[in-house]
Each structure stands twice: as C-alpha cells, then as structure tokens.
Amino acid sequence: MTLMLDRVCKSYDGGVTFAVDDVSIAAESGELMVLLGESGSGKTTTLKTINRLIEPTSGRVLIDGVDAAGVEPVTLRRSIGYVFQDIGLFPHMTVADNVGITPRLLGWDADRRQRRVRELLALVHLDPETYASRTPPELSGGERQRVGFARALAAGPRLLLLDEPFGALDPVTRDGLRDDFRAIQRQLGLTAVMVTHDMTEALLLGDRIVVMRQGRVLRDAPPSEILRDPGDPYVDRLMTSPRRNAERLRIMASDASSSEAAP
Amino acid sequence: MSANLGARLAELPDLLAGHLLLTVTALAIGITISIPLGIAASRSRRLRGPALTAASLIQTVPSMALLALMVPLLGGMIGFIPAFVALTLYSMLPVLRNTVTGILEIDPAMTEAARGVGMTDIQSLSYVELPLAAPFIIAGVRTATVWVVGMATLSTPVGAPSLGNYIFFGLQTRNWVAVVFGCVVAALLAIALDALIRLLETAARRRSPLRGAVAGGGLALLLAFGMWPIAGGERARTVATSSRHEVAVEMDGGRRPLAGRSLTVGSKGFTEQYVLADLLGLRLEWAGAHVDRRPNMGSTILFDALRSGSVDVSIDYTGTVWTTVMGRSEPLERTAMFIEVAAYLRAEHGVLTLGQLGFENAYALAMDRGRAAALRVRSIADLARVDEGLTIASDPEFFGRPEWVRVRAAYGLDAVHTRGMDSTFMYGAVRDGEVDIITAYTTDGRIAAFDLVVLEDPYQALPPYDAILLLSPDAGAEPEVVATLRPLVNAISADMMRTANLMVDLDGVEVAEAAAWLVDRISQPGR
C-alpha cells in the first residue's frame, strides 16, 4: 500500500499561521517512514491528517492513489492501524476486548474475533492464555504497548500509523519492543508512518526520515544519506547528540579492549 | 410493645407505600431525564451552561418551599403530582452534574483512541465514555436517592402521604415516638436503597450475575412490599373501618347515603386540626363514604386545594380567611366577620361555609402567671411600660400577618423582640422562662395545664378566629354530604375542644380516641 501527502496544510486560525505547511511526502509499499521533529514541529498533526483525526485545511492524502477525503472517516480509520502516544488502551476492557475492538466494530462474529485475538497476542509475544482476560491496569508498560500494537493490527490493516509508540517506555523495554515491531512490520509488509523526536530511533528504524520544523519539511531522505550529509544546519544539530554518544561509546569500547590487552 | 408504637406500626404500610411510590417514581423519571440531558450537555457547550444553572437554581430553593410552590404552579393540585414534580426536579442536579463531569473528566486520549480505532460518536459514547463515567454517574444517582428519600418526608404538607406524616404529626402533638419512628424508617429506607444501588453497581462492574440477582431481587422485594397497600389497600382499609361502621349503623339506623362516594378531608398541621379531621372522617365513613385523609397540609395549600376541589372538606378559621385569603386587616366583631367571610367564600370561590363549629381558636398573647404578676401585666396594653427587653415567640406565620402589625402598633410594642418557633415548643418555652410572651391558641389545653394567663386585648386588635366548616364547590352542592356534616355545626364548645386537644398533647392519647371522645360528647351533650 502506498501513501502520498500532496501539499497538505493545516491552519487553526483561518490561514494566518500553519501547523502543517505545504507538506508533500510519499511512502512506498512496505516502507517505514519516520516523521522526526521537536514538539510543535507539526509531525503529529501531519500523522493525524492521514486517518482524518484531523482534517487538512488544504491538500490531499492519497492512499493507494485514492483520496482519503472521499472515504467515510469511520471506514477509513477502521482500515488503518493506529498506535497511540500514550497507548490509549481502554482500562475498563480486557486485553482481548481491547485487541478485538476494531473487528467488533466491523461486525466480525465472536469466534472469528477470538481466533484473531489469540493470533495477534502470539504475534506480539504475549501468551494468550495468560493475557487475554487481564485488564490494562494489570500490565507493565511494555506489555501494554504490545497490546497496543496487537490492537492496531487486529483488522488486518495495510497501513500503520504510530505516534511516539516507544516514548513512555524504559530503554531496555524500548529496544526489545522496537526490534519486535520492526520484524513484524517487515514480516507483514506493512507500510508505516511513525512519529518520533528521537533521532537515534529514527536512524535505527526508518527506511526514510522526514525532518520537520515549524510545520515544514526540512529534509526527506533515507538514514544513510542523512548520516552522510545532514544537508541543513538544523538537521545537523539534531545529529549532534547521536553522533557524540556513538563517539563516546566507541572510545570507551576501545579503551576497554586496550586495557584488557595490556599486561 | 407500647400502644403508641403499635399505632405507628399500623400506619406504616400506607405511609411507607406512599413514600416509596413518590421516591421511586421521582427518581426513575429524574434519572431518565438527567442522564440523556447530561450526555447532551457534555457534548454541547451551549446547552451545558443553562442546564447546570437551572438545576443548581432549583437546588437553591429550600426543599419545603419548592414543594409548596408546586401547588399553585399546578393550579391548586395537591397530593402525589405536586410532590412528584418537586422531587423529580430536586433529584436531577446530582445526576446531571455527575454525568456531565464524569464525561468531561475522561482523559481526551481515551476519546481520541475511540475515534482512532474507528468508533462513531455513538459507539464512543456507549463503549468508552459512559462505562468510564459510570462510577461518577452512579455516585450521583446514590446522592439523589438519599436526598429524595429525605425530602419526600416534606411532601406531607402538600397532601402526599409519606413517612413525613409521622414527623409532622409527632412534632405537633409532642409525640416523640412518632417523630423518631418516622426518622428511623426514612433513614433505613435511604440506607437500604443506597446499598442496593451500590450492589447493582459492583455487580455490573465485576460482571457478577449473583450480585446482580441479589440486588435486583432486593429492590423488587422492597418495592413489592412497599407497593402492596396500593394494590390491595382498598380491602385493608375496609377491614380497618368496619368496626366504625357498626357504630354508624346504630346511629343512623343503617342508612348509608354516601355509599360509594369518595371524599377527601384535608387538615392543617396541628393537634386540633388532626382531631377535627378525624371527626369529619368518622362521620363521612358512617354515612358510607370512602374517606381519603390528607393531614398536615400548609394553610394556603389547603385552601387552594379546597377551592379547586382536590380536598372536599376542611376546617378553617374566620380570622385566617379574613387576613390571608381576603387580605383584610381591620378587626370586626365575631358574628359580623363570620357573615362576611361566608359570603365572600361563596361568591369568590364557590366554597360553601356550612357553619361555625361553636368555638373560637384565636391567637391570644399569653404569659407565665408568675412572670405576669411580677411585671404587673394584665393586658397587652401593660406590656409597653415594661422596661426590660421582652421577647415574644410565635409560629413564623404569625409575625407575617397583618394582625401582628396592628397589635404592635396599637399597643406600642416596637421594642419587643420576636422569635419564630414551632407552636409545639412555644408553651414549654414560656413556662420555662425562655421567652416572656407567646401567641397561644385559645383552645390549646396547655394554657391551663402550664398555668399561663391570657392577656386582655382591650383594643380588640386580634381578630376573632371562629372555627368554620368548609365544603368545596362540588361537595357543597351535594345534599347528602351537607346533611351528613350539618350536625357538627355549633356542636363543639371551646371547653370540649380544649379537652380533646389536651388529651392528645399532654396525655398521649391517640388522635382517633380524642375524636371518638368528641363524637361521644356531641351525641350525648348532657353527659
């Protein structure tokens, strides 16, 4: 499934200022596109125009060449997986009910839903026997986000939107979840758009990185290209911290190995 | 078990039924309106302000006043309907407010997630928002339940039978067993309903059918028990009055001219009125009528009800009609006033004044005998020259009446402090020296029992209060009703009334017995 945003704008004040300013980006089928920027850069607003949680002021969103504006919002959202920033599981529903919510809205029968829930929990490495009947408050942060992924995938979407999906997690949990997510996304061949403010995460996960600032696209390139040439002083600045960390780690590693080699 | 407690228990099925019917219907309708209104208000800012303000405004009206206001607002209707409307309005605020707050307090991330997974507005409401707001909403329902059970006790003065009958009756007749009994039953009812609702809530939350069944069964049982007299009450009442019918057969030679006729006897909230209402009820029942008793009604509410035909028979006083209904303030001689009042009632309201009962129950200023002697006070005119600050106690109604204005002006009593007090407590207060003067009722037996003196009224500033028997326009047009009640005209002397009142107020005799004693005296005047 391909995704294209064509000159998308969003203004909340009738065109005086723009939260999203003339954004044109495209993701190939099976590609993971990262929207990177600080808070207020317009990355989350851009993401939400794709499933019409926010209606663009102008411009078009094309999914497999079809204009999203022509699709009923509810239908559109049921066909697109969405992973929320603060996970957004319904605390009064069990894990199984949370995961099965979109299939339920689509009118799947209970048997089919139940099979699907078990399949998905297994996919995100949660034992269905143990987890299906629990409620979100009984889960750890990492477990909750795994349920969040399972819920987003429940109705078999071809397009997945992720809003800072790893933001609330501790580093160890985050790394494990990232790897699992990347593997699932590749395995299912999903087209995905992920929002983050973490350059390292963007570099590690993205097939393509879109750097945004003040509603505009500053840079749109694969990670390797951005590593080679940031191409913009602001992007370069965003690279500073990962670079410095990488350098420090490299030095520490070589110190450690040289002290080991010494008698 | 004491006879007093036994008498209270005998009244329980009817009063509890009235109370439950009021509470449950008012809550059911109140909740049915408030929750959808709350949902709509949570979605529309334009609706939210006015809805919450209106509900809060209703809440600021004292509950007693809200109930009383319903009577004129509903065109003089009394009984279930005005009480039901007032209680319904009263129950709405907590449910409405908690519904709005409960929905608005939901984390916006939750509603966004609901939209994000593809829910429509209605689905978001039913799958996410209402379940998350449910604890708030149920807390509101529980608050409303406790309020309404409590407030329903105040529906007695508008003529709706409730557990408040015990409280009003008990306060007026110094029957503390009745007061406590009414309070305890009302409290138990509130606690029981609250606990059952809480049980229903946990059942829903934990998806426990067992708890649900227990709670649902408990509610059903309570309702069934409470409502039973309404369904089977006709039979119960017939049984209760059969012994009185036997007396009636003796008296009237078996003639029952009012058989099949249903009549409502209304009364105000003090002992004399209870006794007289019971006396009227007895006579009408002897004549074969089915009698509906509405005790403890507010004075103006009772008159409105009589005028509109919601009440068929009542006892009023010429001075009361003169000042509060006719708006007159000048004093008049007793007989002249009776004639004017009767003519006015017939012409203006179609109300038939059947006649005087034969005694006056006037306001009179009374003092403790020793205190009056010490201050050398014999008439109201003497009060003006007493230097120390005097305090006069009366029911709050009196200080709003024109005759108080007139008394104060006529005798120069501007320096006298006024203190509003329930008439039950006045007599004790003046005996114990808490206040100096009270406005005693001239037929109250406690004047003699507490050794009080009635001050002379040389300028006749206080109007006469002849007890008069009034019939609604419809009842007044029925010769059988008129004939049945006519023997009561001029049949009760002030002494007889005073004794009957004293029996109830001081000796703890049941109202029905005091009424029976009066019947006895009326039929055998020589004894």
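The model is a predicted one, and the points below concern chain B, which contains 23 helices and 10 strands. The C-alpha atoms of chain B fill a box of roughly 90 × 65 × 50 Å along the principal axes, and buried residues make up 46% of its 527 residues. Among contacts in chain B that join residues at least 6 apart in sequence, 77% link residues at least 24 apart.

**Helix H4**

- Helix H4 of chain B covers residues 80-104, and from its first C-alpha to its last it reaches 36 Å, which is close to the 36 Å expected for its 25 residues at 1.5 Å a residue.

**The five-stranded sheet and its strand S8**

- Five strands of chain B form an open sheet with mixed pairing, in the order S7-S6-S8-S5-S9; its edge strands are S7 (417-420) and S9 (452-454), each of which pairs on one side only.
- Neighbouring strands of this sheet are turned by 35° against each other on average, with direction ignored.
- Helix H18 of chain B (residues 423-431) packs on the sheet, where it touches S5, S6, S8 and S9 of chain B, and its direction makes about 135° with that of S8(B).
- Strand S8 of chain B (residues 437-441) has 5 of its 5 residues buried, so the strand is largely enclosed by the rest of the structure.
- In a regular strand the side chains alternate between the two faces of the sheet. In S8(B) both faces are covered, with B:Ile437, B:Thr439 and B:Tyr441 buried on one side and B:Ile438 and B:Ala440 buried on the other.
- Strand S5 of chain B (residues 363-368) runs antiparallel to S8(B) and is joined to it by 5 bridges; within this pairing, B:Met367 has B:Ile437 as its bridge partner.
- Strand S6 of chain B (residues 391-394) runs parallel to S8(B), with 2 bridges between them, and here B:Ala393 stands opposite B:Ile438.
- S6(B) also runs parallel to S7(B), to which 4 bridges join it, and B:Thr391 of this pairing stands opposite B:His417 in S7(B).

**The contact with chain A**

- The contact between the two chains takes 14 residues from chain B and 14 residues from chain A.
- On the side of chain B that touches chain A, helix H5 (108-116) and helix H6 (121-152) of chain B each supply at least two residues, and H5(B) gives the most, with 6 residues.
- Sorted by class, the side of chain B that touches chain A has 8 nonpolar, 4 polar and 2 charged residues.

**B:Arg211 in helix H9**

- B:Arg211 is found in helix H9 of chain B, which covers residues 209-252, and B:Arg211 counts as partly exposed because it has 17 C-beta neighbours inside 10 Å, whereas a buried residue needs 20 or more.
- Leaving aside residues up to four places away in sequence, B:Arg211 touches B:Leu199, B:Thr202 and B:Ala203.

Definitions and conventions:
Residues are numbered from 1 along each chain as its sequence is written. Chains are lettered from A and ligands numbered from 1 in the order in which they are written. This is a predicted model: local features need pLDDT of at least 70, side-chain atom pairs count only at pLDDT 80 or more; totals for chains, interfaces and linings use all residues. A residue is buried if 20 or more other C-beta atoms lie within 10 Å of its own, exposed if 12 or fewer, and partly exposed in between; C-beta atoms are placed from the backbone. Two strands pair if DSSP finds at least two bridges between them. Axes are lines fitted to C-alpha atoms, for helices over the stretch in contact, and angles run from 0 to 180 degrees between N-to-C directions. Two residues are in contact if their C-beta atoms, placed from the backbone, lie within 7 Å. The expected span of a helix is 1.5 Å times one less than its number of residues. Ala, Val, Leu, Ile, Met, Phe, Trp, Tyr, Cys and Pro count as nonpolar, Asp, Glu, Lys and Arg as charged, and the others, Gly among them, as polar.
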